[in-house]
Amino acid sequence: MGEGIKDKVAIIGMGCTKFGEHWDKGSEDLIVEAFTEAVEDAGIEKKDIQAAWYGSCYEELNVGKSALPLSRTLKLPFIPVTRVENLCASGSEALRGAVYGVASGAYDIAMAMGAEKLKDTGYGGLSEVSTILGTKNRVIFPAISAPGAFAMMANRYFSKYGMSTEEGKRSLAKISVNSHKNGSINPKAHLHRIITEEDVLNAPIIASPLGLLDCCGVSDGAAAAIVCRADMANDFIADPVFVKALQIGISSGEELGYTQWDGTYVESTVRTAARTYKEAGIKNPREEINMMEVHDCFSITELVTYEDLQISPRGKARNDIEDGFFTIEGKIPSQPDGGLKCFGHPIGASGLRMLYEMYKQLQGKAGERQIKDPKIGLTHNLGGFPQMNVISIVIVGL
Amino acid sequence: MAKKEVDDRFKKFGTVSFTAITKTNDFISYLEKGKVMGTRCKECGAIYFPPRSDCSTCLNSNTEWFEVTGAGTLLSFSELKYGPVGFEDDLPYIIALLDYGDYKVFGRISKDMPYEDLNVGMELKTEFNTLPNGQLNYVFKRP
(Lines give C-alpha, C1' and ligand atoms only; values in the text may rest on other atoms or scores of the structure.)
Protein backbone atom coordinates (compact mmCIF):
# COMPACT_ATOMS: atom_id res chain seq x y z
CA MET A 1 0.00 0.00 0.00
CA GLY A 2 1.21 3.52 -0.80
CA GLU A 3 1.16 6.37 1.65
CA GLY A 4 -2.56 6.88 1.14
CA ILE A 5 -4.72 9.99 0.91
CA LYS A 6 -5.18 10.93 4.56
CA ASP A 7 -5.80 14.68 4.98
CA LYS A 8 -4.84 15.51 1.40
CA VAL A 9 -8.36 16.31 0.26
CA ALA A 10 -11.21 18.26 1.86
CA ILE A 11 -14.95 18.17 1.26
CA ILE A 12 -16.17 21.76 0.97
CA GLY A 13 -19.68 21.34 -0.30
CA MET A 14 -22.38 18.72 -0.48
CA GLY A 15 -25.89 18.39 -1.80
CA CYS A 16 -28.55 15.71 -1.43
CA THR A 17 -32.09 15.60 -2.76
CA LYS A 18 -34.98 14.32 -0.76
CA PHE A 19 -35.09 10.59 -1.48
CA GLY A 20 -38.41 9.07 -2.38
CA GLU A 21 -40.87 8.58 -5.19
CA HIS A 22 -40.12 11.38 -7.60
CA TRP A 23 -42.84 10.75 -10.15
CA ASP A 24 -42.70 14.38 -11.22
CA LYS A 25 -38.93 14.61 -11.76
CA GLY A 26 -36.41 12.94 -14.04
CA SER A 27 -32.88 11.87 -13.13
CA GLU A 28 -31.60 15.10 -14.64
CA ASP A 29 -33.80 17.13 -12.34
CA LEU A 30 -32.45 15.28 -9.31
CA ILE A 31 -28.87 15.86 -10.49
CA VAL A 32 -29.56 19.60 -10.85
CA GLU A 33 -31.06 19.72 -7.35
CA ALA A 34 -28.09 17.98 -5.67
CA PHE A 35 -25.63 20.07 -7.68
CA THR A 36 -27.27 23.37 -6.80
CA GLU A 37 -27.12 22.63 -3.09
CA ALA A 38 -23.50 21.45 -3.30
CA VAL A 39 -22.10 24.48 -5.16
CA GLU A 40 -24.05 26.89 -2.96
CA ASP A 41 -22.71 25.09 0.11
CA ALA A 42 -19.14 25.35 -1.18
CA GLY A 43 -19.61 28.94 -2.31
CA ILE A 44 -18.15 28.18 -5.71
CA GLU A 45 -19.35 28.54 -9.27
CA LYS A 46 -19.72 25.88 -11.91
CA LYS A 47 -16.65 27.15 -13.75
CA ASP A 48 -14.49 26.43 -10.65
CA ILE A 49 -15.00 22.67 -11.03
CA GLN A 50 -12.09 21.21 -12.97
CA ALA A 51 -13.18 17.57 -13.24
CA ALA A 52 -16.19 15.47 -12.32
CA TRP A 53 -17.11 11.84 -11.71
CA TYR A 54 -20.63 10.49 -12.09
CA GLY A 55 -21.81 7.29 -10.40
CA SER A 56 -24.89 5.43 -11.55
CA CYS A 57 -25.65 1.73 -11.67
CA TYR A 58 -28.35 1.29 -14.28
CA GLU A 59 -27.72 3.56 -17.23
CA GLU A 60 -30.65 1.99 -19.01
CA LEU A 61 -33.03 3.24 -16.31
CA ASN A 62 -31.55 6.65 -16.19
CA VAL A 63 -30.10 8.96 -18.67
CA GLY A 64 -27.81 6.93 -20.88
CA LYS A 65 -24.28 5.63 -21.06
CA SER A 66 -21.02 7.55 -20.65
CA ALA A 67 -20.41 10.74 -18.67
CA LEU A 68 -22.55 12.80 -21.03
CA PRO A 69 -25.61 12.64 -18.76
CA LEU A 70 -23.78 14.62 -16.08
CA SER A 71 -21.99 17.01 -18.39
CA ARG A 72 -25.05 17.63 -20.53
CA THR A 73 -27.43 18.03 -17.61
CA LEU A 74 -25.25 20.57 -15.81
CA LYS A 75 -23.81 22.12 -18.98
CA LEU A 76 -20.33 21.59 -17.59
CA PRO A 77 -17.75 23.63 -19.54
CA PHE A 78 -15.97 20.88 -21.52
CA ILE A 79 -14.11 19.54 -18.46
CA PRO A 80 -13.11 15.90 -17.98
CA VAL A 81 -16.12 13.92 -16.75
CA THR A 82 -16.06 10.18 -16.09
CA ARG A 83 -18.94 7.84 -15.46
CA VAL A 84 -18.27 5.04 -12.99
CA GLU A 85 -20.33 2.00 -12.06
CA ASN A 86 -19.47 -0.39 -9.26
CA LEU A 87 -22.83 -1.68 -8.06
CA CYS A 88 -23.90 -0.25 -4.70
CA ALA A 89 -20.49 1.40 -4.29
CA SER A 90 -21.00 3.49 -7.46
CA GLY A 91 -21.46 6.75 -5.51
CA SER A 92 -18.39 6.10 -3.37
CA GLU A 93 -16.48 5.10 -6.50
CA ALA A 94 -17.34 8.50 -7.99
CA LEU A 95 -16.02 10.10 -4.81
CA ARG A 96 -12.84 8.07 -5.15
CA GLY A 97 -12.28 9.45 -8.64
CA ALA A 98 -12.73 13.04 -7.47
CA VAL A 99 -10.62 12.57 -4.32
CA TYR A 100 -7.82 10.79 -6.15
CA GLY A 101 -7.94 13.40 -8.93
CA VAL A 102 -7.32 16.14 -6.38
CA ALA A 103 -4.84 14.14 -4.30
CA SER A 104 -2.77 13.45 -7.41
CA GLY A 105 -2.38 17.16 -8.03
CA ALA A 106 -4.14 16.92 -11.38
CA TYR A 107 -7.01 19.13 -10.18
CA ASP A 108 -7.60 21.61 -7.38
CA ILE A 109 -11.38 21.23 -7.26
CA ALA A 110 -13.43 18.24 -8.39
CA MET A 111 -16.97 16.95 -8.04
CA ALA A 112 -18.53 13.56 -7.38
CA MET A 113 -22.19 13.03 -8.27
CA GLY A 114 -24.35 9.95 -7.81
CA ALA A 115 -27.89 9.56 -9.06
CA GLU A 116 -30.42 6.82 -9.71
CA LYS A 117 -34.11 6.72 -10.45
CA LEU A 118 -35.62 3.32 -9.72
CA LYS A 119 -39.29 3.80 -8.97
CA ASP A 120 -40.16 4.17 -12.65
CA THR A 121 -39.24 0.54 -13.27
CA GLY A 122 -42.31 -0.73 -11.47
CA TYR A 123 -40.28 -3.54 -9.96
CA GLY A 124 -40.43 -4.11 -6.22
CA GLY A 125 -36.75 -4.67 -5.59
CA LEU A 126 -33.74 -3.82 -7.62
CA SER A 127 -34.13 -4.48 -11.28
CA GLU A 128 -33.24 -7.69 -13.13
CA VAL A 129 -29.84 -8.83 -11.97
CA SER A 130 -28.87 -11.48 -14.50
CA THR A 131 -26.38 -9.40 -16.39
CA ILE A 132 -25.01 -7.71 -13.28
CA LEU A 133 -23.27 -10.87 -12.21
CA GLY A 134 -22.23 -11.99 -15.64
CA THR A 135 -23.69 -15.02 -17.31
CA LYS A 136 -21.21 -17.51 -15.87
CA ASN A 137 -22.17 -16.73 -12.33
CA ARG A 138 -25.81 -17.35 -13.08
CA VAL A 139 -24.87 -20.97 -13.55
CA ILE A 140 -24.07 -20.96 -9.88
CA PHE A 141 -27.06 -19.00 -8.63
CA PRO A 142 -29.82 -19.54 -11.16
CA ALA A 143 -32.65 -18.82 -8.77
CA ILE A 144 -31.13 -16.56 -6.16
CA SER A 145 -32.44 -13.14 -5.18
CA ALA A 146 -30.73 -10.46 -3.11
CA PRO A 147 -33.14 -10.93 -0.19
CA GLY A 148 -32.64 -14.70 -0.49
CA ALA A 149 -28.86 -14.50 -0.40
CA PHE A 150 -28.84 -12.30 2.69
CA ALA A 151 -31.60 -14.39 4.27
CA MET A 152 -29.32 -17.44 3.98
CA MET A 153 -26.68 -15.40 5.77
CA ALA A 154 -29.16 -14.69 8.57
CA ASN A 155 -30.13 -18.35 9.01
CA ARG A 156 -26.48 -19.36 9.00
CA TYR A 157 -25.58 -16.65 11.51
CA PHE A 158 -28.42 -17.63 13.84
CA SER A 159 -27.34 -21.26 13.68
CA LYS A 160 -23.63 -20.58 14.27
CA TYR A 161 -24.23 -18.40 17.30
CA GLY A 162 -26.96 -20.53 18.84
CA MET A 163 -29.87 -18.19 18.30
CA SER A 164 -33.37 -19.46 17.57
CA THR A 165 -35.10 -17.89 14.57
CA GLU A 166 -37.25 -15.89 17.01
CA GLU A 167 -34.22 -14.59 18.93
CA GLY A 168 -32.39 -13.76 15.76
CA LYS A 169 -35.34 -11.98 14.20
CA ARG A 170 -35.79 -9.90 17.35
CA SER A 171 -32.16 -8.74 17.27
CA LEU A 172 -32.55 -7.83 13.61
CA ALA A 173 -35.82 -6.03 14.36
CA LYS A 174 -34.02 -3.64 16.69
CA ILE A 175 -31.80 -2.59 13.78
CA SER A 176 -34.77 -1.56 11.64
CA VAL A 177 -36.47 0.12 14.60
CA ASN A 178 -33.36 2.25 15.19
CA SER A 179 -33.14 3.33 11.56
CA HIS A 180 -36.82 4.26 11.40
CA LYS A 181 -36.54 6.28 14.63
CA ASN A 182 -33.69 8.30 13.10
CA GLY A 183 -35.30 8.56 9.69
CA SER A 184 -38.60 9.75 11.14
CA ILE A 185 -37.08 13.15 11.92
CA ASN A 186 -35.06 13.49 8.72
CA PRO A 187 -36.87 15.60 6.11
CA LYS A 188 -34.74 14.12 3.30
CA ALA A 189 -35.61 10.50 4.13
CA HIS A 190 -38.19 8.58 2.08
CA LEU A 191 -39.88 6.77 4.98
CA HIS A 192 -40.84 8.66 8.14
CA ARG A 193 -42.90 6.19 10.12
CA ILE A 194 -41.72 5.11 13.54
CA ILE A 195 -41.98 1.32 13.77
CA THR A 196 -41.92 -1.18 16.64
CA GLU A 197 -40.20 -4.55 17.00
CA GLU A 198 -43.62 -6.16 16.72
CA ASP A 199 -44.19 -4.39 13.39
CA VAL A 200 -40.95 -5.88 12.09
CA LEU A 201 -41.65 -9.36 13.45
CA ASN A 202 -45.18 -9.39 12.01
CA ALA A 203 -44.27 -8.04 8.58
CA PRO A 204 -44.83 -10.34 5.59
CA ILE A 205 -41.88 -12.61 4.81
CA ILE A 206 -39.90 -11.74 1.69
CA ALA A 207 -37.26 -14.47 2.01
CA SER A 208 -37.30 -16.35 5.30
CA PRO A 209 -36.31 -15.25 7.91
CA LEU A 210 -36.28 -11.70 6.47
CA GLY A 211 -39.56 -9.83 6.36
CA LEU A 212 -40.57 -6.65 4.59
CA LEU A 213 -39.23 -4.42 7.37
CA ASP A 214 -35.85 -6.16 7.30
CA CYS A 215 -35.41 -4.86 3.75
CA CYS A 216 -34.51 -1.38 2.62
CA GLY A 217 -36.78 0.61 0.38
CA VAL A 218 -36.61 1.47 -3.31
CA SER A 219 -36.26 5.18 -4.03
CA ASP A 220 -35.12 7.89 -6.40
CA GLY A 221 -32.40 10.34 -5.40
CA ALA A 222 -29.14 12.13 -6.11
CA ALA A 223 -26.25 13.38 -3.98
CA ALA A 224 -23.07 15.30 -4.74
CA ALA A 225 -19.79 16.31 -3.14
CA ILE A 226 -17.34 19.07 -4.03
CA VAL A 227 -13.76 18.31 -2.98
CA CYS A 228 -10.60 20.41 -3.09
CA ARG A 229 -6.97 20.41 -2.01
CA ALA A 230 -6.84 20.33 1.79
CA ASP A 231 -4.66 23.45 1.94
CA MET A 232 -7.25 25.43 -0.02
CA ALA A 233 -10.30 24.32 1.97
CA ASN A 234 -10.49 27.29 4.34
CA ASP A 235 -10.53 29.68 1.40
CA PHE A 236 -14.02 28.37 0.68
CA ILE A 237 -15.65 27.39 3.96
CA ALA A 238 -14.89 27.66 7.68
CA ASP A 239 -15.75 24.05 8.48
CA PRO A 240 -14.30 21.70 5.85
CA VAL A 241 -14.35 17.96 6.39
CA PHE A 242 -11.23 15.97 5.54
CA VAL A 243 -10.96 12.60 3.84
CA LYS A 244 -9.01 10.31 6.19
CA ALA A 245 -9.22 7.15 4.09
CA LEU A 246 -11.08 5.79 1.07
CA GLN A 247 -10.82 2.18 0.05
CA ILE A 248 -12.59 -0.09 -2.39
CA GLY A 249 -12.35 -3.88 -2.09
CA ILE A 250 -13.72 -6.31 -4.64
CA SER A 251 -14.44 -9.95 -3.95
CA SER A 252 -12.58 -12.48 -6.07
CA GLY A 253 -15.64 -14.69 -5.95
CA GLU A 254 -13.53 -17.43 -4.39
CA GLU A 255 -15.42 -17.26 -1.12
CA LEU A 256 -18.69 -18.32 -2.69
CA GLY A 257 -18.18 -21.99 -3.01
CA TYR A 258 -14.55 -22.83 -3.07
CA THR A 259 -13.30 -21.89 0.38
CA GLN A 260 -14.05 -22.46 4.03
CA TRP A 261 -16.09 -19.21 4.16
CA ASP A 262 -19.02 -20.04 6.42
CA GLY A 263 -21.54 -17.44 5.31
CA THR A 264 -21.69 -15.44 8.54
CA TYR A 265 -19.48 -12.54 7.52
CA VAL A 266 -18.38 -10.65 4.42
CA GLU A 267 -14.76 -11.34 3.58
CA SER A 268 -14.37 -8.23 1.41
CA THR A 269 -15.58 -5.92 4.18
CA VAL A 270 -13.09 -7.47 6.62
CA ARG A 271 -10.17 -6.98 4.25
CA THR A 272 -11.23 -3.54 3.01
CA ALA A 273 -11.77 -2.32 6.58
CA ALA A 274 -8.23 -3.36 7.53
CA ARG A 275 -6.81 -1.30 4.68
CA THR A 276 -9.06 1.66 5.44
CA TYR A 277 -8.09 1.75 9.11
CA LYS A 278 -4.44 1.51 8.17
CA GLU A 279 -4.79 4.42 5.76
CA ALA A 280 -6.62 6.52 8.36
CA GLY A 281 -4.21 5.54 11.14
CA ILE A 282 -7.00 4.00 13.19
CA LYS A 283 -5.86 1.32 15.63
CA ASN A 284 -9.03 0.65 17.59
CA PRO A 285 -12.16 1.29 15.52
CA ARG A 286 -14.56 0.69 18.40
CA GLU A 287 -12.94 3.54 20.31
CA GLU A 288 -11.97 5.85 17.46
CA ILE A 289 -14.98 5.84 15.12
CA ASN A 290 -17.68 8.19 16.43
CA MET A 291 -20.53 7.45 14.03
CA MET A 292 -21.25 5.56 10.83
CA GLU A 293 -23.58 4.95 7.94
CA VAL A 294 -23.29 1.30 6.92
CA HIS A 295 -24.91 -0.58 4.07
CA ASP A 296 -28.20 -1.79 5.51
CA CYS A 297 -29.78 -3.21 2.37
CA PHE A 298 -31.07 -5.81 4.82
CA SER A 299 -31.03 -5.82 8.63
CA ILE A 300 -28.68 -8.83 8.68
CA THR A 301 -26.23 -6.95 6.44
CA GLU A 302 -26.00 -4.20 9.04
CA LEU A 303 -25.49 -6.73 11.83
CA VAL A 304 -22.60 -8.59 10.20
CA THR A 305 -21.08 -5.30 9.06
CA TYR A 306 -20.77 -4.22 12.71
CA GLU A 307 -18.55 -7.27 13.18
CA ASP A 308 -16.74 -7.05 9.85
CA LEU A 309 -15.77 -3.44 10.63
CA GLN A 310 -14.29 -4.61 13.96
CA ILE A 311 -16.80 -2.51 15.89
CA SER A 312 -18.45 -5.50 17.59
CA PRO A 313 -16.60 -8.74 18.41
CA ARG A 314 -17.52 -11.79 16.28
CA GLY A 315 -20.92 -13.16 17.23
CA LYS A 316 -21.49 -10.34 19.73
CA ALA A 317 -23.16 -7.65 17.61
CA ARG A 318 -26.49 -8.68 19.13
CA ASN A 319 -25.22 -7.65 22.57
CA ASP A 320 -24.24 -4.21 21.29
CA ILE A 321 -27.59 -3.88 19.53
CA GLU A 322 -29.44 -4.79 22.71
CA ASP A 323 -27.28 -2.36 24.73
CA GLY A 324 -28.23 0.55 22.47
CA PHE A 325 -24.64 0.93 21.30
CA PHE A 326 -25.76 2.02 17.80
CA THR A 327 -28.62 4.39 18.70
CA ILE A 328 -28.23 8.13 18.34
CA GLU A 329 -27.41 8.36 22.07
CA GLY A 330 -25.12 5.32 21.95
CA LYS A 331 -21.35 4.97 21.71
CA ILE A 332 -21.29 4.72 17.88
CA PRO A 333 -24.56 5.96 16.41
CA SER A 334 -25.28 4.00 13.25
CA GLN A 335 -27.57 5.18 10.46
CA PRO A 336 -28.21 8.57 12.10
CA ASP A 337 -29.99 9.74 8.94
CA GLY A 338 -32.25 6.67 8.77
CA GLY A 339 -30.01 4.52 6.57
CA LEU A 340 -30.95 2.75 3.39
CA LYS A 341 -33.87 1.48 5.44
CA CYS A 342 -35.54 4.92 5.39
CA PHE A 343 -33.81 6.49 2.41
CA GLY A 344 -34.25 3.56 0.08
CA HIS A 345 -31.44 2.74 -2.27
CA PRO A 346 -31.09 4.71 -5.48
CA ILE A 347 -27.87 2.84 -6.05
CA GLY A 348 -25.57 5.45 -7.56
CA ALA A 349 -26.56 8.03 -4.97
CA SER A 350 -26.41 5.99 -1.76
CA GLY A 351 -22.69 6.24 -0.95
CA LEU A 352 -22.75 10.01 -1.33
CA ARG A 353 -26.01 10.23 0.63
CA MET A 354 -24.25 8.49 3.54
CA LEU A 355 -21.32 10.87 3.22
CA TYR A 356 -23.73 13.83 3.26
CA GLU A 357 -24.91 12.80 6.71
CA MET A 358 -21.37 12.33 8.06
CA TYR A 359 -20.42 15.75 6.61
CA LYS A 360 -23.38 17.53 8.17
CA GLN A 361 -22.86 15.78 11.50
CA LEU A 362 -19.16 16.74 11.59
CA GLN A 363 -20.10 20.34 10.86
CA GLY A 364 -22.72 20.30 13.62
CA LYS A 365 -25.46 20.97 11.08
CA ALA A 366 -27.57 17.82 11.46
CA GLY A 367 -30.39 19.58 13.30
CA GLU A 368 -32.57 17.37 15.45
CA ARG A 369 -30.39 14.35 14.62
CA GLN A 370 -27.16 15.99 15.76
CA ILE A 371 -24.70 13.64 17.46
CA LYS A 372 -22.64 15.20 20.25
CA ASP A 373 -19.22 16.39 18.99
CA PRO A 374 -18.35 13.70 16.44
CA LYS A 375 -14.79 13.82 15.13
CA ILE A 376 -14.61 10.76 12.87
CA GLY A 377 -17.34 9.23 10.69
CA LEU A 378 -17.39 6.15 8.48
CA THR A 379 -19.46 5.15 5.47
CA HIS A 380 -19.70 1.63 4.07
CA ASN A 381 -21.29 0.20 0.93
CA LEU A 382 -21.76 -3.41 -0.05
CA GLY A 383 -22.81 -4.18 -3.60
CA GLY A 384 -23.73 -7.69 -4.70
CA PHE A 385 -24.20 -10.73 -2.50
CA PRO A 386 -22.60 -11.92 0.75
CA GLN A 387 -20.50 -14.39 -1.24
CA MET A 388 -19.44 -12.06 -4.05
CA ASN A 389 -19.42 -8.31 -3.71
CA VAL A 390 -18.06 -4.81 -4.04
CA ILE A 391 -17.13 -2.91 -0.87
CA SER A 392 -16.36 0.75 -0.31
CA ILE A 393 -15.35 2.28 3.01
CA VAL A 394 -14.77 5.99 3.51
CA ILE A 395 -13.54 7.66 6.70
CA VAL A 396 -13.96 11.40 7.08
CA GLY A 397 -13.19 13.71 9.98
CA LEU A 398 -12.27 17.13 11.21
CA MET B 1 -18.59 -21.87 -46.08
CA ALA B 2 -20.64 -23.87 -43.63
CA LYS B 3 -22.49 -22.08 -40.89
CA LYS B 4 -20.69 -22.39 -37.55
CA GLU B 5 -22.49 -24.55 -35.01
CA VAL B 6 -23.18 -22.76 -31.72
CA ASP B 7 -22.78 -25.02 -28.69
CA ASP B 8 -25.51 -23.52 -26.54
CA ARG B 9 -26.39 -26.53 -24.41
CA PHE B 10 -26.60 -24.34 -21.29
CA LYS B 11 -29.81 -22.81 -22.62
CA LYS B 12 -31.51 -25.87 -21.17
CA PHE B 13 -30.38 -25.11 -17.62
CA GLY B 14 -32.59 -23.58 -14.95
CA THR B 15 -36.04 -22.01 -14.97
CA VAL B 16 -34.44 -19.11 -16.80
CA SER B 17 -31.09 -19.80 -18.43
CA PHE B 18 -28.64 -16.96 -18.24
CA THR B 19 -25.83 -18.82 -19.89
CA ALA B 20 -25.67 -19.99 -23.47
CA ILE B 21 -22.05 -20.90 -24.03
CA THR B 22 -19.27 -21.97 -21.67
CA LYS B 23 -16.25 -24.25 -21.91
CA THR B 24 -18.02 -26.53 -19.42
CA ASN B 25 -21.01 -27.30 -21.66
CA ASP B 26 -20.56 -31.00 -20.99
CA PHE B 27 -22.13 -30.30 -17.59
CA ILE B 28 -25.48 -30.24 -19.40
CA SER B 29 -24.84 -33.47 -21.30
CA TYR B 30 -24.01 -35.19 -18.03
CA LEU B 31 -27.10 -33.63 -16.43
CA GLU B 32 -29.24 -35.07 -19.21
CA LYS B 33 -27.91 -38.48 -18.19
CA GLY B 34 -28.91 -37.77 -14.59
CA LYS B 35 -25.43 -36.88 -13.35
CA VAL B 36 -24.47 -33.68 -11.54
CA MET B 37 -20.79 -33.08 -12.22
CA GLY B 38 -17.96 -30.86 -11.06
CA THR B 39 -14.36 -30.63 -12.22
CA ARG B 40 -11.03 -31.54 -10.66
CA CYS B 41 -7.64 -30.16 -11.67
CA LYS B 42 -5.43 -33.04 -12.75
CA GLU B 43 -2.31 -31.03 -11.92
CA CYS B 44 -2.96 -29.69 -8.42
CA GLY B 45 -6.12 -31.52 -7.37
CA ALA B 46 -8.25 -28.40 -6.80
CA ILE B 47 -11.96 -29.20 -6.95
CA TYR B 48 -14.56 -26.97 -8.56
CA PHE B 49 -18.30 -26.86 -8.33
CA PRO B 50 -19.76 -25.27 -10.38
CA PRO B 51 -17.33 -26.79 -12.85
CA ARG B 52 -14.40 -24.81 -14.21
CA SER B 53 -12.42 -25.73 -17.27
CA ASP B 54 -9.42 -23.68 -16.16
CA CYS B 55 -7.87 -24.09 -12.72
CA SER B 56 -7.69 -20.78 -10.85
CA THR B 57 -5.23 -22.28 -8.37
CA CYS B 58 -2.43 -23.42 -10.69
CA LEU B 59 -3.60 -21.81 -13.95
CA ASN B 60 -3.70 -24.83 -16.24
CA SER B 61 -6.55 -26.29 -18.26
CA ASN B 62 -5.94 -29.94 -17.50
CA THR B 63 -9.18 -30.73 -15.66
CA GLU B 64 -11.37 -33.82 -15.40
CA TRP B 65 -15.01 -34.40 -14.48
CA PHE B 66 -16.20 -35.97 -11.22
CA GLU B 67 -19.71 -36.77 -10.08
CA VAL B 68 -21.31 -35.04 -7.07
CA THR B 69 -22.36 -38.06 -5.04
CA GLY B 70 -23.33 -38.87 -1.49
CA ALA B 71 -24.62 -36.47 1.13
CA GLY B 72 -23.64 -32.91 1.86
CA THR B 73 -24.37 -30.85 4.94
CA LEU B 74 -27.02 -28.14 4.74
CA LEU B 75 -25.17 -24.89 5.46
CA SER B 76 -28.12 -22.54 5.10
CA PHE B 77 -31.40 -22.02 3.30
CA SER B 78 -34.17 -19.51 2.70
CA GLU B 79 -37.69 -19.75 1.36
CA LEU B 80 -38.33 -17.09 -1.25
CA LYS B 81 -41.79 -15.57 -1.36
CA TYR B 82 -40.68 -13.19 -4.11
CA GLY B 83 -38.27 -14.24 -6.83
CA PRO B 84 -36.15 -12.72 -9.53
CA VAL B 85 -37.79 -11.80 -12.83
CA GLY B 86 -38.72 -14.99 -14.69
CA PHE B 87 -39.05 -17.16 -11.57
CA GLU B 88 -42.53 -15.99 -10.55
CA ASP B 89 -44.24 -19.29 -11.41
CA ASP B 90 -41.80 -21.26 -9.23
CA LEU B 91 -42.66 -19.36 -6.03
CA PRO B 92 -42.43 -20.11 -3.24
CA TYR B 93 -39.18 -22.05 -3.48
CA ILE B 94 -36.30 -22.74 -1.13
CA ILE B 95 -32.70 -21.94 -2.00
CA ALA B 96 -29.93 -23.71 -0.12
CA LEU B 97 -26.22 -24.38 0.09
CA LEU B 98 -24.79 -27.86 0.67
CA ASP B 99 -21.26 -28.38 1.96
CA TYR B 100 -19.46 -31.42 0.54
CA GLY B 101 -16.24 -30.69 2.39
CA ASP B 102 -14.00 -29.96 -0.60
CA TYR B 103 -16.66 -27.92 -2.38
CA LYS B 104 -20.13 -26.47 -1.96
CA VAL B 105 -23.24 -26.80 -4.10
CA PHE B 106 -25.80 -24.03 -4.35
CA GLY B 107 -29.27 -25.03 -5.45
CA ARG B 108 -32.89 -25.52 -4.56
CA ILE B 109 -34.61 -27.84 -2.14
CA SER B 110 -36.87 -30.42 -3.78
CA LYS B 111 -40.51 -29.27 -3.90
CA ASP B 112 -41.61 -32.31 -1.88
CA MET B 113 -39.58 -31.28 1.19
CA PRO B 114 -41.46 -28.94 3.54
CA TYR B 115 -39.65 -25.91 4.93
CA GLU B 116 -40.41 -27.01 8.49
CA ASP B 117 -38.32 -30.17 7.99
CA LEU B 118 -35.14 -28.23 7.22
CA ASN B 119 -32.39 -27.63 9.74
CA VAL B 120 -28.89 -26.26 9.34
CA GLY B 121 -26.49 -29.18 9.64
CA MET B 122 -28.79 -31.89 8.26
CA GLU B 123 -27.61 -34.13 5.43
CA LEU B 124 -29.06 -33.86 1.94
CA LYS B 125 -28.10 -35.22 -1.46
CA THR B 126 -27.97 -33.51 -4.86
CA GLU B 127 -30.16 -34.99 -7.58
CA PHE B 128 -30.94 -34.26 -11.23
CA ASN B 129 -34.37 -32.69 -11.79
CA THR B 130 -36.61 -31.67 -14.67
CA LEU B 131 -38.53 -28.44 -14.14
CA PRO B 132 -42.22 -28.09 -15.07
CA ASN B 133 -41.26 -26.02 -18.13
CA GLY B 134 -38.98 -28.82 -19.38
CA GLN B 135 -35.74 -27.11 -18.36
CA LEU B 136 -33.09 -29.03 -16.43
CA ASN B 137 -31.62 -28.36 -12.99
CA TYR B 138 -30.74 -30.24 -9.82
CA VAL B 139 -32.38 -30.22 -6.40
CA PHE B 140 -31.54 -31.27 -2.85
CA LYS B 141 -33.36 -34.22 -1.29
CA ARG B 142 -33.14 -36.53 1.69
CA PRO B 143 -30.45 -39.18 1.10
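1. A residue is called buried if 20 or more other C-beta atoms lie within 10 Å of its own, exposed if 12 or fewer do, and partly exposed in between, with the C-beta atoms placed from the backbone. By this rule, 38% of the 143 residues of chain B count as buried.

2. This is a predicted model, in which local features need pLDDT of at least 70, side-chain atom pairs count only at pLDDT 80 or more, and totals for chains, interfaces and linings use all residues. Residues are numbered from 1 along each chain as its sequence is written, while chains are lettered from A and ligands numbered from 1 in the order in which they are written.

3. Helices and strands here are DSSP runs numbered from the N terminus (helices: H or I, at least four residues; strands: E, at least two). Chain B has 1 helix and 8 strands. Its pattern along the sequence is α-β-β-β-β-β-β-β-β. The C-alpha trace of chain B spans about 55 × 40 × 25 Å along its principal axes.

4. Two residues are in contact if their C-beta atoms, placed from the backbone, lie within 7 Å. Take the contacts in chain B between residues at least 6 apart in sequence: 46% of them join residues at least 24 apart.

5. How is chain B divided into domains? The domain assignment gives domain 1 (9-67) and domain 2 (71-141); such bounds come from an automatic or database domain assignment. The C-alpha centres of domain 1 and domain 2 of chain B are 19 Å apart. Across the boundary, 16 residues of domain 1 of chain B are in contact with 14 residues of domain 2 of chain B. On the domain 1 side, the elements that give two or more residues are α1 (26-32) and β2 (47-48) of chain B. α1(B) gives the most, with 3 residues. By class, this side of domain 1 has 8 nonpolar, 5 polar and 3 charged residues. In this count Ala, Val, Leu, Ile, Met, Phe, Trp, Tyr, Cys and Pro are nonpolar, Asp, Glu, Lys and Arg are charged, and the others, Gly among them, are polar.

6. Strand β2 of chain B also belongs to an open sheet of 3 strands, in the order β2-β1-β3, with antiparallel pairing. β2 and β3 (63-67) of chain B are at the edges with a single partner strand each, so one side of each has no neighbour in the sheet. Two strands are said to pair if DSSP finds at least two bridges between them. Strand β1 (residues 37-41) of chain B pairs with β2(B) in the antiparallel sense over 2 bridges. Within this region, B:T39 stands opposite B:Y48 in β2(B).

7. Where are the cis peptide bonds to look at? One joins B:F49 and B:P50, with omega about -5 degrees; B:P50 is in the loop between β2 and β3 of chain B. Another joins A:S208 and A:P209, with omega about 5 degrees. A:P209 is in the loop between β5 (205-207) and β6 (210-211) of chain A.

8. Two glutamines of chain A deserve a look at their backbone angles. A:Q310 has phi near 65 degrees, a positive value in a residue other than glycine, and lies in the loop between α11 (299-308) and α12 (317-322) of chain A. It counts as partly exposed because it has 18 C-beta neighbours inside 10 Å. A:Q335 has phi near 55 degrees, likewise positive in a residue other than glycine, and lies in the loop between α12 and α13 (339-343) of chain A. Is A:Q335 buried or exposed? A:Q335 counts as buried because it has 29 C-beta neighbours inside 10 Å.

9. Helix α1 (residues 27-42) of chain A has 16 residues, which at 1.5 Å a residue should span 22 Å; its end C-alpha atoms are 23 Å apart, which agrees. The expected span is 1.5 Å times one less than the number of residues. Buried residues of α1(A) include A:L30, A:I31, A:A34, A:F35 and A:A38. The buried residues of this helix pack against β1 (9-16), α2 (68-74), β4 (109-117), β7 (220-229) and α8 (233-236) of chain A. A:G43 follows α1(A), and its phi is positive, near 70 degrees.

10. A nonpolar core is a set of buried Ala, Val, Leu, Ile, Met, Phe, Trp, Tyr and Cys residues joined through C-beta atoms within 7 Å. The largest one has 153 residues, of which A:A98, A:M113, A:A224, A:A225 and A:V227 touch the most other members. Domain 1 (9-67) and domain 2 (71-141) of chain B both give residues to this core, so it lies between them. Leaving out residues up to four places away in sequence, A:A98 touches A:W53, A:A110, A:M111, A:A112, A:A225 and A:V227.
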